[in-house]
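Biologist: Could you take me through the aromatic contacts of this chain, with the criteria behind each label?

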Amino acid sequence: QVQLVESEGGLVQAGGSLRLSCAASGSIGSINVMGWYRQGPGKQRDLVATISSGGSINYADSVKVRFTISRDNAKNTVYLQMNSLKPEDTAVYYCNTRFTYPSGRFGVSWGQGTQVTVSS
């Protein structure tokens, strides 16, 4: 089925930058939306940013000035450029996609998650 493979996160000092990538593969009919979610320690998973196949972008208010989401539709890959990182950005980051199966039915897939830690 559909698989999402995320790049490694890392340990970064406050004010630094990281770029995450996520590549989708498998029996995909078409991808409708790809995006990123994150879950900090003891917190629920919430949205960071999404981008549709048509290029519509949505950011969480906490990241919209500092983070940039982009995608390569031909490669079914989504990127998250994270600048001016803050300790509160520390979380496990999960890639997500909403897609349409070849059969025409809707599906959702999640990546395994990658740890991003921002030190003071």
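**Aromatic rings and a nearby charge**

Modeller: Tyr-101 is partly exposed, with a relative accessible area of 22%, where buried means under 20%, exposed over 50% and partly exposed in between, using a 1.4 Å probe and protein chains only. This is a predicted model, in which local features need pLDDT of at least 70 and side-chain atom pairs count only at pLDDT 80 or more, while totals for chains, interfaces and linings use all residues. Residues are numbered from 1 along each chain as its sequence is written, and side-chain values use heavy atoms, with hydrogens and water left out.

Biologist: How many aromatic pairs does the structure hold?

Modeller: Rings of Phe, Tyr and Trp (its six-membered ring) pair if their centres lie within 6.5 Å, and planes under 30 degrees apart count as stacked, over 60 as edge-to-face and the rest as tilted. On that criterion, the number of aromatic pairs in the structure is 2.

Biologist: Which kind of pair do the rings of Tyr-37 and Trp-110 form?

Modeller: Tyr-37 counts as buried at 15% relative accessibility, whereas Trp-110 is partly exposed at 36%. Their ring centres are 5.1 Å apart and their planes stand at 65°, so the pair is edge-to-face.

Biologist: Over the face of which residue does Arg-45 lie, at 3.6 Å from the ring centre?

Modeller: A charge sits over a ring if NZ of Lys or CZ of Arg is within 6 Å of the ring centre and within 35 degrees of the ring normal. The charged end of Arg-45 sits over the ring of Trp-110, 4.7 Å from its centre. At 3.6 Å, the ring is that of Tyr-94.
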